[in-house]
Amino acid sequence: MTAVTVFLADLGITSGVSLIVVAYLRRPLKAILADLCGTAERAKFWSAFSNVNLVLVSLIFVMLYRPEVGQDTTAVFEMGTQLKWALVGLVVWVVTLGIVISSFIPRSRPAAPPKVST
């Protein structure tokens with residue numbers, strides 16, 4: 001395999017994994033955003049924004065590493081290294097998204113039990 005083939009294969013695998021994560025998070029993310037945003041239109045925008053970023057951030061991270069396939073290296077290890085960076089980017093964005101969303105979730109304390117007068 002040439003370095004270009006490895007690079008393009010990793011881009012394809014990264015895109016696939018990112019789309020699987022987007023599909024997995026779609027419903028819960030939309031539900032939380034609908035609750036936080038107040039309207040379906042706002043939730044739809046922020047959901048689309050988050051989904052696009054899930055894909056793009058992982059692709060940016062995968063493009064940071066340039067595989068070098070030669071006699072001293074093998075394509076499999078180069079692909080593994082490049083995919084590692086794609087997964088790091090994906091995890092960074094999912095954690096960031098979780099932190100941002102959780103910061104907007106109101107923290108309510110349980111109601112104090114009523115005082116009983118005797």
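Against which helices do the buried residues of α3 pack? In this predicted model, the buried residues of α3 pack against α1 (3-37) and α2 (40-63).

## Helix α3

Helix α3 covers residues 75-104, a run of 30 residues. From the first C-alpha to the last, α3 reaches 44 Å, close to the 44 Å expected at 1.5 Å a residue.

The buried positions of α3 begin with Ala 75, Glu 78, Met 79 and Gln 82, and continue with Ala 86, Gly 89, Leu 90, Trp 93, Leu 97 and Ile 101.

## Helix α2

Helix α2 has 24 residues and reaches 35 Å between its first and last C-alpha atoms, close to the 34 Å expected at 1.5 Å a residue. Its buried residues are Ala 43, Ser 47, Ser 50, Asn 51, Asn 53, Leu 54, Val 55, Val 57, Ser 58, Leu 59 and Val 62. The partners of these buried residues are α1 and α3.

Ser 47 counts as buried because its relative accessibility is 2%, where the limit for buried is under 20%. With residues up to four places away in sequence set aside, Ser 47 touches Leu 29, Lys 30 and Leu 33.

## The crossing of α2 and α3

The axes of α2 and α3 come within 7 Å of each other and cross at roughly 150°. This crossing is right-handed. On the α2 side, the contact is made by Ser 50, Asn 53, Leu 54, Val 57, Ser 58, Phe 61 and Val 62. The α3 side contributes Gln 82, Trp 85, Ala 86, Val 88, Gly 89, Leu 90, Trp 93, Val 94 and Leu 97.

By class, the contact of α2 with α3 comprises 11 nonpolar residues, five polar residues and no charged residues. Several contact residues are also buried: on α2, Ser 50, Asn 53 and Leu 54 are among them, and on α3, Gln 82, Ala 86 and Trp 93 are among them.

## Aromatic pairs

The count of aromatic pairs comes to three. One of the pairs is formed by Trp 46 and Phe 49 and is edge-to-face, with 5.3 Å from centre to centre and 80° between the planes. Ring pairs link Phe 45, Trp 46 and Phe 49 into a cluster.

Why are Trp 46 and Phe 49 separated by about one helical turn? The reason is that Trp 46 and Phe 49 are three residues apart in helix α2. Trp 46 counts as partly exposed because its relative accessibility is 40%. Phe 49 likewise counts as partly exposed, at 38% relative accessibility.

## Positions in helix α1

Val 21 lies in helix α1. When its neighbours within four places in sequence are left aside, Val 21 is in contact with Leu 90 and Val 94. Leu 90 and Val 94 also take part in the contact of α3 with α2. Val 21 and Trp 46 are 25 residues apart in sequence, with 16 Å in space from C-alpha to C-alpha.

Leu 8 is also placed in helix α1. Is Leu 8 buried or exposed? Leu 8 is exposed, because its relative accessible area is 51% and exposed means over 50%. Leu 8 and Met 63 are 55 residues apart in sequence, while their C-alpha atoms are 9.8 Å apart in space.

Note on methods: Residues are numbered from 1 along each chain as its sequence is written. This is a predicted model: local features need pLDDT of at least 70, side-chain atom pairs count only at pLDDT 80 or more; totals for chains, interfaces and linings use all residues. Side-chain values use heavy atoms; hydrogens and water are left out. Helices (H or I, at least four residues) and strands (E, at least two) are DSSP runs, numbered from the N terminus. The expected span of a helix is 1.5 Å times one less than its number of residues. Buried means under 20% relative accessible area, exposed over 50%, partly exposed in between (1.4 Å probe, protein chains only). Contact means heavy atoms within 4.5 Å. Axes are lines fitted to C-alpha atoms, for helices over the stretch in contact, and angles run from 0 to 180 degrees between N-to-C directions. A crossing is left-handed if the near helix is turned anticlockwise from the far one by less than a right angle, and right-handed if clockwise. Ala, Val, Leu, Ile, Met, Phe, Trp, Tyr, Cys and Pro count as nonpolar, Asp, Glu, Lys and Arg as charged, and the others, Gly among them, as polar. Rings of Phe, Tyr and Trp (its six-membered ring) pair if their centres lie within 6.5 Å; planes under 30 degrees apart count as stacked, over 60 as edge-to-face and the rest as tilted.
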